[in-house]
Amino acid sequence: MKNIIINCSFLITMLASCSPATDKKVNTADSTEAKKADTVATQSSAKNEITKPEMPGDFLALVPIDVLNPKSTNVHEKYGIEFSGNCYSCDLASISITNNTMVWTNVCDEKDTFKINDFSFTNEGSQTTIKTTERTYILKQIDKAPVYELSIEGNKLELKNKRVSKYFTTQKALPLFTEHDCGDFEG
């Protein structure tokens with residue numbers, strides 16, 4: 001009797017698989033699978049669309065500053081315009097960075113530039129990391145004034161007439177910092 005029940009269920013399964021109603025179920029299942037595949041493909045496409053980071057707007061015009069009064073708690077008195085690089089040797093470099101170009105410019109001669117076009121960058125909190133094949137530039141905002149600290153890893157960056165400062169601020173914020181008058185010197 002047990003064999004008959006099993007055989008009957010086998011026979012019913014066989015008959016059900018041949019009925020037109022089962023074809024519709026299979027098509028529905030295929031359709032459901034196709035919809036799932038479309039959904040997975042759409043989700044995969046969305047995951048592959050990585051939003052490209054934007055370079056901070058402050059980086060369009062960064063000017064070099066230096067620590068003038070390390071004991072000061074007032075950031076605008078602690079940092080200021082480096083006297084020797086602006087007045088005597090006139091060899092400091094300002095930086096302008098966009099999403100695809102980094103330009104180092106002599107502070108005394110805007111035509112004296114060095115450009116880097118091939119780099120990638122990431123932004124993480126107050127730090128922007130810029131990578132080229134030869135070096136990594138890390139600009140970290142260390143004060144809201146704003147003050148940025150630059151560190152360079154990899155091959156030494158040697159620029160003619162463009163000495164790289166450790167600290168930078170924006171062109172807009174520069175008047176807020178301590179400024180030395182060059183006096184009779186041009187610069």
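**Entry 1: overall make-up**

I take helices (H or I, at least four residues) and strands (E, at least two) as DSSP runs, numbered from the N terminus. On that basis I find that the secondary structure of this protein, which I have as a predicted model, comes to 4 helices and 10 strands. Reading from the N terminus on, I note the order of elements as α-α-β-α-β-α-β-β-β-β-β-β-β-β.

I then looked up the totals for the protein, where buried residues make up 30% of the 187 residues, and where the accessible surface comes to about 12700 Å², with 53% of it belonging to carbon and sulfur atoms. Among contacts between residues at least 6 apart in sequence, I find that 49% join residues at least 24 apart.

**Entry 2: confidence**

Before going to local features I checked the confidence, and the protein averages a pLDDT of 80, with 66% of the residues scoring at least 70. Over residues 1-19 the pLDDT stays under 50, and for this stretch the model has 2 contacts beyond four places in sequence. I recorded residues 21-26 separately, where pLDDT stays under 50 and the model has 2 contacts beyond four places in sequence.

How many of the residues of E4 are buried? I count 5 of the 5 residues as buried, so I describe E4 as largely enclosed by the rest of the structure. I recalled that in a regular strand the side chains alternate between the two faces of the sheet. When I went through the faces of E4 one by one, I found both covered, with Met102, Trp104 and Asn106 buried on one side and Val103 and Thr105 buried on the other.

I next followed the pairing of this strand. E3 and E4 pair in the antiparallel sense over 5 bridges and form a hairpin with 4 residues between them, and here I see serine 94 standing opposite threonine 105 in E4. E4 is also joined by 5 bridges to strand E5 (residues 109-116), the two running antiparallel, and this hairpin has 2 residues between its strands. Threonine 105 stands opposite threonine 113 in E5.

Within strand E5 I stopped at aspartate 112, which is buried with a relative accessible area of 18%. Not counting residues up to four places away in sequence, aspartate 112 touches Trp104, Thr105, Asn106, Lys160, Asn161 and Lys162.

Leaving aside its neighbours within four places in sequence, phenylalanine 119 is in contact with Met55, Ile97, Thr98, Asn99, Asn100, Thr101, Met102, Ile130, Lys131 and Thr132.

**Entry 3: aromatic pairs**

A search of the whole structure gave me 4 aromatic pairs. For one of them, the rings of phenylalanine 59 and tyrosine 148 have their centres 5.2 Å apart and their planes at 85 degrees; as planes over 60 degrees apart count as edge-to-face, I record the pair as edge-to-face. Phenylalanine 59 lies in the loop between helix H2 (20-48) and strand E1 (62-67), whereas tyrosine 148 lies in strand E9 (residues 147-154), so the pair ties together parts that are 89 residues apart in sequence. I also looked up how covered the two residues are: phenylalanine 59 is buried, with a relative accessible area of 1%, and tyrosine 148 counts as buried at 4% relative accessibility.

**Entry 4: backbone geometry**

Most residues other than glycine have a negative phi, and most peptide bonds are trans, and I went looking for departures from both. A cis peptide bond joins alanine 145 and proline 146, with omega about 0 degrees, and I place proline 146 in the loop between strand E8 (135-143) and E9. Asparagine 161 has a phi near 60 degrees, a positive value in a residue other than glycine. Where does asparagine 161 lie? I find asparagine 161 in the loop between E9 and strand E10 (167-170), where at 44% relative accessibility this residue counts as partly exposed.

Key: Residues numbered from 1 in each chain as written. Heavy atoms only, no water. Phe/Tyr/Trp six-rings, centres within 6.5 Å; stacked < 30°, edge-to-face > 60°. Buried < 20%, exposed > 50% of the residue type's maximum accessible area, 1.4 Å probe, protein only. Contact = heavy atoms within 4.5 Å. Areas by Shrake-Rupley, 256 points an atom, 1.4 Å probe, with all protein chains shown as cover. pLDDT = per-residue confidence, 0-100. Pairing = 2+ DSSP bridges.
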